[in-house]
Amino acid sequence: MAQLSTTIKLYAEANGVSDVDFTKDVLLQDNSDGKGPYIKEWNLDIAQPTDDQLATYSSDGDTVEANNAIRATRKAAYGDIGDQLDEIYKDMDAWIARIKSIKDANPKK
């Protein structure tokens, strides 16, 4: 299940807000009953979403979070950009094959 912050970002984007600052625009707080975070304060110029509205973004949120994890894995596997440029200079075909194998091993959803 997607994190609340991810579904809020998707809801905001769908309603014309491209950036959400979770230190001033939207404040989240954890429930003491163990049910997870909730919206404590909403300071955006769009209507605060209901739980049902946010739930409609859950599947897309799962995809966003999975792809972010894949991007992080790929970035670590790619290595330093300077080393990549050196590899390209020495043998571009080998670099292309290495990058392709990283992408094939870590496909986006």
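Colleague: Let's start with Ser5. Which helix does Ser5 lie in?
Modeller: Ser5 is part of helix α1. Keep in mind that this is a predicted model.

Colleague: Is Ser5 buried or exposed?
Modeller: Ser5 is buried, because its relative accessibility is 18% and the cut-off for buried is under 20%.

Colleague: What does Ser5 touch, leaving out residues up to four places away in sequence?
Modeller: Phe22 and Leu28.

Colleague: And the helix as a whole? How many residues of α1 are buried?
Modeller: 8 of 11, so α1, which spans residues 4-14, is mostly covered. The buried ones are Leu4, Ser5, Thr6, Thr7, Ile8, Leu10, Tyr11 and Ala12.

Colleague: What covers them?
Modeller: The cover includes two strands, β1 (26-30) and β2 (37-42). It also includes two helices, α2 (51-55) and α3 (58-78).

Colleague: Switching to aromatics. How many aromatic pairs are there?
Modeller: The count is 2. One of them is Tyr11 with Tyr57, and that pair is edge-to-face. The rings are 6.1 Å apart, centre to centre, with 85 degrees between the planes.

Colleague: Where do Tyr11 and Tyr57 sit in the chain?
Modeller: Tyr11 is in helix α1, and Tyr57 is in the loop between α2 and α3. They are 46 residues apart, and the pair links distant parts of the chain.

Colleague: Are those two tyrosines buried or exposed?
Modeller: Tyr11 is buried, with a relative accessible area of 6%. Tyr57 is buried as well, with 18%.

Colleague: Which residues form the aromatic cluster?
Modeller: Tyr11, Trp42 and Tyr57 form one cluster. Trp42 belongs to β2, where it is the bridge partner of Val26.

Colleague: On to the strands, then. How do β1 and β2 run?
Modeller: They run antiparallel, and 5 bridges join them. Another bridge partner in β2 is Pro37, which goes with Asp30.

Colleague: What lies between the two strands?
Modeller: The hairpin has 6 residues between its strands. In that hairpin, Gly34 takes a positive phi near 80 degrees.

Colleague: Which glycine takes a positive phi just after α1?
Modeller: Gly16, at about 85 degrees.

Colleague: How many residues line the largest pocket, and which lie nearest its centre?
Modeller: 17 residues line the pocket. Nearest its centre are Met1, Leu4, Pro37, Asp51 and Leu54.

Colleague: How many of the lining residues are nonpolar, polar and charged?
Modeller: The lining of the largest pocket has 9 nonpolar, 6 polar and 2 charged residues.

Methods. Residues numbered from 1 in each chain as written. Predicted model: local features only at pLDDT ≥ 70, side-chain atom pairs only at ≥ 80, totals over all residues. Heavy atoms only, no water. Buried < 20%, exposed > 50% of the residue type's maximum accessible area, 1.4 Å probe, protein only. Helix = DSSP H or I, 4+ residues; strand = E, 2+ residues; numbered from the N terminus. Contact = heavy atoms within 4.5 Å. Pairing = 2+ DSSP bridges. 1 Å grid on protein atoms, 1.4 Å probe; cavity = no way out; pocket = protein on both sides within 12 Å on 5 of 7 lines; lining within 4 Å. Nonpolar A, V, L, I, M, F, W, Y, C, P; charged D, E, K, R; others polar. Phe/Tyr/Trp six-rings, centres within 6.5 Å; stacked < 30°, edge-to-face > 60°.
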